Amino acid sequence: MPNENKRPWYRNPTYLGPIAVIAAAIISSPIWVPLIFQEPDFRIFINPMQGAVEQGGVITTVITIKGIHGYDHTVSLSSCGQPSGIVIAFVPQFGKPSYTSGVTINVDSNVPVGDYTTIIKGRGADGKEHNCSYTLTVKPHPPPTPTITPTPTITPTSMPKVWEIGYDDNSYGEFDQLDRYPFPGPFPWHYNVSEPPDKFPKEINDFARTPINIHFSLCDEQSKNDLLLTLDAHSVHGPDFSVRIKTQINEVDTRTFDNVKTTHEILIKKDFVASGENTIILECASPPKTGRWLFWDYLSLKAYG
Ligand SMILES: [Ca+2]
């Protein structure tokens with residue numbers, strides 16, 4: 001194939017353009033810059049860069065001094081910017097790079113609560129300096145633990161559950177919906193706690209749907225302790241609804257529910273229950289036929305001890 005432009009290849013712009021671009025790229029590449037302009041120096045790092053400690057406490061962090069391009073001067077460490085009650089110690093305080101130094105920060109008990117930034121300075125024997133910063137959060141010292149044991153309070157979540165009827169789900173959908181005929185259905189109601197919740201009536205009211213008898217058994221150990229009955233209403237119709245609570249032994253209490261206070265916890269003394277079979281009876285204590293009713297969310301019985 002004949003050479004159409006009759007010029008040698010090195011004068012052909014088709015070749016010269018790309019060659020010039022490649023040469024420029026090689027010369028200006030960052031790979032070459034440190035080799036051409038390298039200067040011994042060091043870098044300073046701190047990790048972690050921040051921490052939190054109580055007044056009167058101690059916290060630690062680590063400084064790394066890293067030499068670059070053969071830096072061989074001793075670098076010493078110092079700190080500034082912190083209040084007088086914060087004392088910072090470096091071990092070691094100086095060395096030739098690369099090295100690490102443990103930093104211990106002691107906070108006096110009278111240092112005010114707050115955030116403090118400390119500058120850690122590394123100074124080389126040749127005069128080079130580099131800094132890093134550490135942010136310290138000083139938190140209040142916790143008050144001393146009282147030596148007097150407070151009176152135990154009711155902590156239902158830590159108490160073993162004897163039974164639960166329904167679910168704490170803000171719904172009465174799991175219960176017997178009472179939509180059978182003939183009205184008003186099977187009241188007085190008898191429910192055994194071993195039955196599913198759809199055998200328990202969704203409501204108690206001031207007309208026909210009362211009382212509800214809950215049958216359950218207690219072992220010897222459970223009957224020797226007080227019990228905590230939780231009645232949680234989904235909603236109340238009428239201004240309020242009052243429930244009288246009894247056991248087969250005695251009347252326990254009467255509680256009034258409304259749509260603000262929908263949960264009542266009722267203490268049942270151990271004298272009001274027995275080992276073996278027991279019954280809790282829930283009755284309407286509101287005036288009869290005044291258009292009041294209560295839908296349940298869930299009921300539970302827990303044992304102390
Ligand atoms: Ca429920």
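1. A nonpolar core is understood here as a set of buried Ala, Val, Leu, Ile, Met, Phe, Trp, Tyr and Cys residues joined through C-beta atoms within 7 Å. In this predicted model, the largest such core comprises 32 residues, of which Leu227, Leu229, Val243 and Trp296 touch the most other members. At least two residues of this core come from each of β10 (161–166), β13 (212–218), β14 (227–237), β15 (241–247), β16 (251–257), β18 (276–284) and β19 (293–303). The greatest contribution is that of β19, with seven residues.

2. As general background, nonpolar side chains in soluble globular proteins tend to be buried together.

3. Leaving aside residues up to four places away in sequence, Trp296 touches Gly166, Tyr172, Phe175, Lys202, Glu203, Ala233 and His234.

4. As to overall composition, the protein chain contains three helices and 19 strands. It has 305 residues, and buried residues make up 22% of them. Among contacts with a separation of 6 or more, 71% are between residues 24 or more positions apart.

5. Four strands form an open sheet in the order β1-β3-β7-β5, and their pairing is antiparallel. β1 (41–47) and β5 (86–91) are the edge strands, each pairing on one side only. From one strand to the next, the twist averages 25 degrees.

6. The loop between β3 (58–68) and β4 (75–80) contains Asp72. Is Asp72 buried or exposed? Asp72 counts as exposed because 12 C-beta neighbours lie inside 10 Å, and the cut-off for that class is 12 or fewer. Asp72 and Gly95 are 23 residues apart along the chain, and their C-alpha atoms are separated by 9.7 Å.

Note on methods: Residues are numbered from 1 along each chain as its sequence is written. This is a predicted model: local features need pLDDT of at least 70, side-chain atom pairs count only at pLDDT 80 or more; totals for chains, interfaces and linings use all residues. A residue is buried if 20 or more other C-beta atoms lie within 10 Å of its own, exposed if 12 or fewer, and partly exposed in between; C-beta atoms are placed from the backbone. Two strands pair if DSSP finds at least two bridges between them. Axes are lines fitted to C-alpha atoms, for helices over the stretch in contact, and angles run from 0 to 180 degrees between N-to-C directions. Two residues are in contact if their C-beta atoms, placed from the backbone, lie within 7 Å.
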